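Subject: Structure handover

Hi,

Here is the structure I promised to pass on. Have a look at it first, and then read my notes below.

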Amino acid sequence: MLFVALAAMAVAQVNVSGKVVDKGNNEPLVGASVIVKGADGKIKKFTSSKTDGSFAITMPSVTACRLEVAMMSFAKQSIPLDSISFPLTVYMEAGTTLLNEVTVKADRIREQGDTITYNVGSFAQQRDRSIGDVLKRMPGIDVANNGKIQYQGEDINKFYIEGSDLLGGKYGIATNGISHDDVGAVEVMENHQPMQVLSGISFSDKAAINLKLKNKAKATWTFNGDAGGGYSWQPEGAIWDGELFAMAIMPVFQNITTVRTNNTGENLSSSSTNFFADRRQTGLGQYVGVALPGVPSLSDKRTLFNRSFLVSTNSLWKFGRGEFKANIDYSFNRVTAEASDITTYFLDEGNRVITENRRGTDHRHSLSAKFIYEVNQKTAFINNSLQTNIDWDDVSLATTGSIPNGQSAKLPDYYVNNKFKMIKRFKGNHLVTFQSENEWESLPQNLELKMDNEKSFRQHISDHAFYTHESAAYAFNIKGVTLSLEGGIKGYIRSMSSEGADLSELSDLSDNFINVVNTNYLTVYATPKFEYWVRRVNLTLNLPVSYAHYNFDKAIANRDELYFSPSLSLNWKPSNRFSGAMRGGLGRSPMNLNLIHPGLVMTNYRTLKSGVDNFYNSSSKNVSASFSYKHTRHGLFANGMVMQSWTNVPYTMAQQLYGDYVVYSYADAKNDSKMLMAMGNIGKTLDFMRGSCNVNGSFSRNESHLLSQRQSVNSVSTGWSVGGKINGNPCRWFSFDYRIDYSDSRLTMNGQSESWLSTMENELSLTFIPHRKWQWTVSGEHYRNELSEHQYKNVEMLDTKVTFQLNKKIEFAASLTNILNKRSYNYTTYSQLSSFESRQQLRGRQLLFSITLRK
């Protein structure tokens, strides 16, 4: 009887299946909402259409039921199921979808497994231009001022467009260029493992972002561009701002090309910065430190006096099992700056004060190219990446005040890198990996100094390095346990030489401006790794051990060192809403090899550095804990982190004044430092006004030890900050954005504390839409900087912009920036051995007229 009943039930089941298709172009629609409702209007079952537009719902009976299919930008379809045969095809016609409040709450953020989907249209405001403007309003996603994206407090590890990694780490090109109107949804893929071959074997706690384009932006070229011109009161003269953006996202080919230029203070670096770039293993760094004055807290549009140009072209071809990518960028920046500064050096016998009035120009050219071939499959991964970067940086800086002088520096940088990686997976759970990496870099540096007495000094530094790393690894997985062993060899060859003219003012040091240093090392290492997965817990133990031989060609004594740096991490995800992690590690590491030079090096007109005369190792310990929480239905995202680290370095920095010159050197001394850092973030959607809000906070405390004038200095720097932002679109004709940040910091030296000094920033933007074609935005900023205890400097900025949309393709705009014509800004910063007060020039009032075209 039981089997008969089950058979009867099985026969009675009805498979409601079919396909959702765009009637305009007959293409399948993905993500359409498919709902079966009963005679009483209540929802019986629901699903969404897959990538091929198909759907399937099993029902015991469809008598008196209706099938409703809905999707943004399409008219809802309602079909009675009483006399319908399956599978059926549902044709969706373009139309307006009216959403009530409950529907909007459900559609703004959706969650399916490890994928969080944000509906772009529900977060966008009419004044938004690019998808980057909308990302800033999505809770859980944080976009830094430089364009870097984080999800739940962690950097993302991939940025995809329709599932393809076209741009690599230079995703600022996409976030600043792609129109938000071309993007239907933003997907966040948690615990994303970019290499398919490692799926189920190696755990990833990082997330990736994928842009899902609307159908109108697929399989075609899309274009948008801006052209604007106007007048500026400071610097006085004509201004311009132009951009051309082209994109093609097709099944076997993708391309994004952009050309941008302006002299309005917009920083284009976020469009060319590689946020996924690894640290260069050549280890070279600039000794010469001639740089233009900058403002730490104000945005670039207020402080950057620039002429900038950027062209970037990025292409991806898919063929066979693999894909080939080419990314080529060129940029030019001419920047001028002017400032009045007061530097105070803290000395036991009395502080030393230096005044400066600086005016300078920086010309920087940058050319980069990257070519990648990649096969990314479940059984094999192959990647070869060839990259080159060529930079030219010429800086000239004139200074009056305590020590009048003129400086000019030429700082080119030439870099080439090739990385090869191959992973083969066989017998299901066995992996073999081979890697090869080779890097070469040349970093020549020239500094010319002319004093007020017409005496000149010249310094030339030649610095070259080559690095190679070859390795192999084997791993296997048995019932959630992954064991792996990596072994390899690293080689390094570096040659550094410098020479400078005699400094008669420094008779004690003038004979020691010649350096000839050859630094070579060979390292053999092995890294056993243990990874354990059980239910929702991942435990990872790394036990790297290495032996290194250092040869310094008589600059200092050769060394043989053994290093062991174990680390342990625990990731726990009891549910899709909550995850936590704990990490800890300890070990020894070699010093920065750039510090090895027996003679003096001049970094700028009054600062010199002396290297170490011995080889040192540092030891460190660290422990951290973090958590993240999300409730997508309520639009709630939260994360937090706390970290404590201890470092022991057997040498410390020493500061010594010789007349007007400062000499930094290193001396044997016990230098124990520790750092405590904590931060947290919580974001929430505000569906009642189509907005969102965010609150964040941080705390840090650093203790360190230095020498000044041969006297021991123990310093403690403490700081905390809190901030918040809120945005909304409460009605059709009005939207707003507001942000506030407050920070406080204090420096304590040898037990004597300076006063707490605070900074506060407020930013408000109001947009009014009196007519569907007209838009008026008023925005303002307020900066309050505490120069000394209870003495504040306030700066207010006010901007306005009027936009007229002729049609969907053409838009006109007029903007007036810095209406109050503020022309200067004061700020104060503290370091362990000095304080720095500065008065900087700001961009004055500027009027800009522009036109925007879209295809």
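One thing to keep in mind from the start: this is a predicted model.

Arg280 is partly exposed, at 27% relative accessibility. Its salt-bridge partner is Asp413, with 3.2 Å between the closest N and O atoms. Arg280 sits in the loop between β18 (253-262) and α6 (300-303), while Asp413 belongs to strand β24 (residues 413-426), so this pair ties together parts that are 133 residues apart in sequence. Asp413 is buried, with a relative accessible area of 12%.

A second pair spans a longer stretch of chain. Arg302 and Glu781 form a salt bridge at 2.8 Å, N to O. Arg302 is in helix α6 and Glu781 in strand β45 (residues 774-788), so the two link parts 479 residues apart in sequence. Both Arg302 and Glu781 are buried.

Then there is Arg359 with Glu338, another salt bridge, at 2.9 Å from N to O. This one connects strand β21 (residues 352-376), where Arg359 lies, to strand β20 (residues 322-345), where Glu338 lies, so the parts it ties together are 21 residues apart in sequence. Arg359 is exposed, with a relative accessible area of 53%, and Glu338 is partly exposed at 28%.

Some salt bridges share partners: Glu111, Asp114, Glu190, Lys573 and Lys630 are joined that way into one network. The structure holds 46 salt bridges in total.

**Lys630 and its surroundings**

Lys630 is worth a look of its own. Leaving out residues up to four places away in sequence, Lys630 touches Glu111 and Glu190, along with Ile116, Tyr151, Gln152, Asn576, Arg577, Leu636 and Phe637. The contact with Asn576 includes a polar one: a polar atom of the Lys630 side chain is 2.2 Å from the backbone oxygen of Asn576.

**Domains and cores**

The domain assignment gives domain 1 (14-92) and domain 2 (105-249). Their C-alpha centres are 31 Å apart.

Which residues have the most contacts inside the largest nonpolar core? They are Tyr118, Ile141, Ile161, Ile178 and Val186, in a core of 38 residues.

Phe319 is another aromatic to check. It is found in strand β19 (residues 305-319) and is partly exposed, at 44% relative accessibility. Not counting residues up to four places away, Phe319 touches Phe324 and Tyr373. The C-alpha atom of Phe319 is 9.3 Å from that of Phe253, although the two are 66 residues apart along the chain.

**Cysteines**

How many disulfides are there in the whole structure? The search finds zero. Take Cys731 as an example: the closest cysteine sulfur, in Cys693, is 19 Å from its own, which is too far for a bond. Cys731 is partly exposed, with a relative accessible area of 24%, whereas Cys65 is buried at 5%.

The peptide bond from Gln234 to Pro235 is cis, with omega near 0 degrees. Pro235 is in the loop between β16 (221-233) and β17 (236-249).

Two residues have positive phi without being glycines. Ala219 has a phi of about 55 degrees and is in the loop between β15 (208-213) and β16. For Asp553, phi is near 50 degrees. Asp553 is in the loop between β31 (545-551) and β32 (559-564), and is partly exposed, at 45% relative accessibility.

That's what I have for now.

Cheers

Methods. Residues numbered from 1 in each chain as written. Predicted model: local features only at pLDDT ≥ 70, side-chain atom pairs only at ≥ 80, totals over all residues. Heavy atoms only, no water. Salt bridge = Lys/Arg side-chain N within 4 Å of Asp/Glu carboxyl O. Helix = DSSP H or I, 4+ residues; strand = E, 2+ residues; numbered from the N terminus. Buried < 20%, exposed > 50% of the residue type's maximum accessible area, 1.4 Å probe, protein only. Domains from an automatic or database assignment. Disulfide = S-S within 2.5 Å. Core = buried A, V, L, I, M, F, W, Y, C linked by side-chain atoms within 4.5 Å. Contact = heavy atoms within 4.5 Å. Polar contact = N/O pair within 3.5 Å; in protein donor to acceptor, adjacent residues only side chain to side chain.
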